[in-house]
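Subject: Structure handover

Dear colleague,

Please find below the structure that I promised to pass on. My notes on what was found in it follow directly after.

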Amino acid sequence: MGLEVQRRTISIMLILAGLSASGLPLHAQQRPARPPFQPAPAPPAATGSGASQPPVIRIEPIGPLHLAADKPPGWTYWVPVVGPVISGLLAFLGAWAGLRIAQRNTLQTVQASQKTSEAAMWQKANETELRDIEEKLDKFYGPFSIRLKTDHQLAQDIRSRQPAGYRLLVKLFDPLWLPSLSAGDRKLVELICEHAGILERLIAKNAGSMEKELIEYFSRASAHFRILQLAYQRELGEDPARFAAYVYPKELDTVLEIAMQRLNRRVADLRANPGAAPGPMPWLVIPKEYALPAWPDPDNRLQAKGSSHEGQPEHRADAKVVS
């Protein structure tokens, strides 16, 4: 058994020695098919005293084995460097986009809340102004205008049966004029003079509700109504020339209409946009052709101070239109 192992060892060593002698690396040589194992012939028996020596076999070491492989692409060397940079950049962009969206949503919420608050504030202010204007129209301008037009109709009915140049106040100083009228006309004159007292009290009661541009017009009308009552009651004598300047100021009719149009237009604007800023109310502009005639004023006490609309823009308006 030990002899057979020695034979196999020797055979392998011989094969390795042959490969080394060829000068080719092991991985480049084509390995020949292994022949079937044959037992080595038995060594010749030693004859005599001298025995044959076994052959000497030298085994040279060979280099390490190398396995050939494909070279990887060049861009793969940048993956460890570029990958974290791209990941960080994407994370930064995602966080920035999230912050921008949150900021925009917050800004929209704040703006919506601010608009709602401003709308509520303007609505409250507009309601207050609207209530004040409607109170002026309902308690003063409306009743005064209706009663004044009623008296105008009665006076025009009487005028239609009087000669040219007729003025009621002047005729009341004539002691023969009133008795000469029919019973119906005398009753109409009585109603006109009675209503004059009502109009005078209405002006005095609502003096604080009128614009300062109208004070002179209403004061002239109030003086006319008072003198008309006194003349009807025969308390001023019989000389009409002394009181001819107290005739009714016809300019008041158009000026009153302009003032009411201005207030009604403001009411419409406030109701159309209850939650928006309406802007300043337009000035009350009275056309020059409806200015009152000069009144005797020896010591300049009746001159209206500050009536030139200081600081106001210039306006041009006709009799029916308010700028």
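**Helix α5 and the rest of the model**

Helices here are DSSP runs of H or I with at least four residues, and strands are runs of E with at least two, numbered from the N terminus. Among the buried residues of α5 are Leu-188, Ile-192, His-195, Leu-199 and Glu-200, where buried means under 20% relative accessible area, exposed over 50%, and partly exposed in between, with a 1.4 Å probe and protein chains only.

Please keep in mind that this is a predicted model, in which local features need pLDDT of at least 70 and side-chain atom pairs count only at pLDDT 80 or more, while totals for chains, interfaces and linings use all residues. Residues are numbered from 1 along each chain as its sequence is written, and side-chain values use heavy atoms, with hydrogens and water left out.

The protein chain contains 7 helices and 0 strands, and of its 323 residues 24% count as buried. Among contacts (heavy atoms within 4.5 Å) between residues at least 6 apart in sequence, 80% join residues at least 24 apart.

The axes of helix α6 (residues 212-232) and helix α7 (residues 251-272) come within 10 Å and cross at roughly 140°; axes are lines fitted to C-alpha atoms over the stretch in contact, with angles running from 0 to 180 degrees between N-to-C directions. That angle makes α6 oblique to α7, given that under 35 degrees counts as roughly parallel, over 145 as roughly antiparallel, 65 to 115 as roughly perpendicular and the rest as oblique. On the α6 side the contact is made by Leu-214, Tyr-217, Phe-218 and Ala-221, and on the α7 side by Glu-251, Leu-252, Val-255, Leu-256 and Ala-259.

In the loop between α6 and α7 lies Arg-234, which has a positive phi of about 60° although it is not a glycine. Its relative accessibility of 38% is why Arg-234 counts as partly exposed.

Finally, Asn-126 is found in helix α2 (residues 79-159) and counts as buried because its relative accessibility is 3%. Leaving aside residues up to four places away in sequence, Asn-126 touches Leu-270, Asn-273, Pro-274, Gly-275, Ala-276 and Pro-278.

Best regards
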